[in-house]
Amino acid sequence: MTVHGEREVIPSATRTDAGGALKAFVTAYNKADKAYDPALDANRVTGALSAINQSGLKAKHANNPRGNPDHTDLELTNPHYTIPKMAGWPKFFVVEADTDRDRDDDPRLDNSWLLVFTRGGSHQPWQASYLTVLSPADLPRFAVGEDGLAEPVRGGEPGLAVAPEQLSSAYTTYLDKGGEKFAPGAQTSGWREQREKNATRPGLSTQYIDEPVTDGAYAPVGLRTEDGGALVFFTSRHFEKTTAAKGVNLNVSPDVKALTTGDVKQSITLERISNQVVLDPPRTARNARVRILSRIQGLTGAKGE
């Protein structure tokens, strides 16, 4: 019997496939980090994680062409795989794993890496598209059937506070204008307050522009939670332009300079890609606001003027 993955509702991956994907990612990640060579893990990352990872390695290689003098291998242990049943491509799964990058001797500081792996077809490799870091206590309980498989949420899901395909635009609008769609927190109200403080400093002025990113490998992905909501990953792009008054110098770090085009005379515009993981509650929930659990961003370019 032939099973057609483009039509049949089937597990997005086997446990063996998922384990192999995680192992291949960690191996490539360590090689790339040790050499500061983006080519060494380019085929194991995509989407937001690729943009952040590849630009970061490019900048570090420019300043450390012999590689990372402080490299230690990343170790991800005790992985837990959440595999949805899906029809069509792309397919994805989520893995939570303990990381050696936290303080193992202090349970209060324990963190997990939460990774999304995706692939666009049966002959393509699994690639990590999203990475966030969060406390295991913040991870919700997924809705899992008797078969042990999770339920993906659609981009236009109408039953959530914000449809996954609209999260990126809702978030960038919130950062500009505020509103009630997102719960207060460090990456929502706190970030807006910090921007207001940084907008005008002695001799410097800073402007912010935020853009939604939803196409292709940057598309949001989500899993249904037991409460009827969803855990959703999505991407956004952020520009930060700082202009100096006459006679004031702009300090540019080596890693930023490595990604900068043009001459930094009076201003510099930083471009960053950010990936978020959120709890998107049911639309009918009391005080139905999206809560950001974790956000990771990386510089992807800069322009001096």
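Here is a friendly conversation about a predicted model, taken one feature at a time.

Colleague: What should I know about the numbering and the side-chain values before we start?
Modeller: Residues are numbered from 1 along each chain as its sequence is written, and side-chain values use heavy atoms, leaving out hydrogens and water. This is a predicted model in which local features need pLDDT of at least 70 and side-chain atom pairs count only at pLDDT 80 or more, while totals for chains, interfaces and linings use all residues.

Colleague: Which residue in strand 6 stands opposite V116?
Modeller: Two strands pair if DSSP finds at least two bridges between them. Strand 5 and strand 6 pair in the antiparallel sense over 7 bridges, and strand 6 is mostly covered, with 7 of its 8 residues buried. Opposite V116 stands Y130.

Colleague: Which element gives the most to the lining of the largest pocket?
Modeller: On a 1 Å grid over the protein atoms alone, a cavity is a set of points where a 1.4 Å probe fits but cannot get out, and a pocket is an open set with protein on both sides within 12 Å along at least five of seven lines; lining residues have an atom within 4 Å of a point. The largest pocket is lined by 24 residues, of which Y29, I52, N53, G56 and K60 lie nearest its centre. Helix 1, strand 6, helix 5 (254-258) and strand 13 (291-304) are among the elements that each supply at least two lining residues. With 8 residues, the one that gives the most is helix 2.

Colleague: Is K257 buried or exposed?
Modeller: K257 lies in helix 5. Because its relative accessibility is 55%, K257 counts as exposed.

Colleague: Where is the cis peptide bond?
Modeller: Most peptide bonds are trans. Here P90 lies in the loop between strand 3 (85-86) and strand 4. The cis bond, with omega near 0°, runs from W89 to P90.

Colleague: What is the relative accessible area of Y36, which has a positive phi?
Modeller: Y36 has a phi of about 50° although it is not a glycine, and Y36 lies in the loop between helix 1 and helix 2. Y36 is buried, with a relative accessible area of 9%.

Colleague: And N78, is that residue buried or exposed?
Modeller: N78 lies in strand 2 and has a positive phi of about 50°. With a relative accessible area of 64%, N78 is exposed.

Terms used:
Helices (H or I, at least four residues) and strands (E, at least two) are DSSP runs, numbered from the N terminus. Buried means under 20% relative accessible area, exposed over 50%, partly exposed in between (1.4 Å probe, protein chains only).
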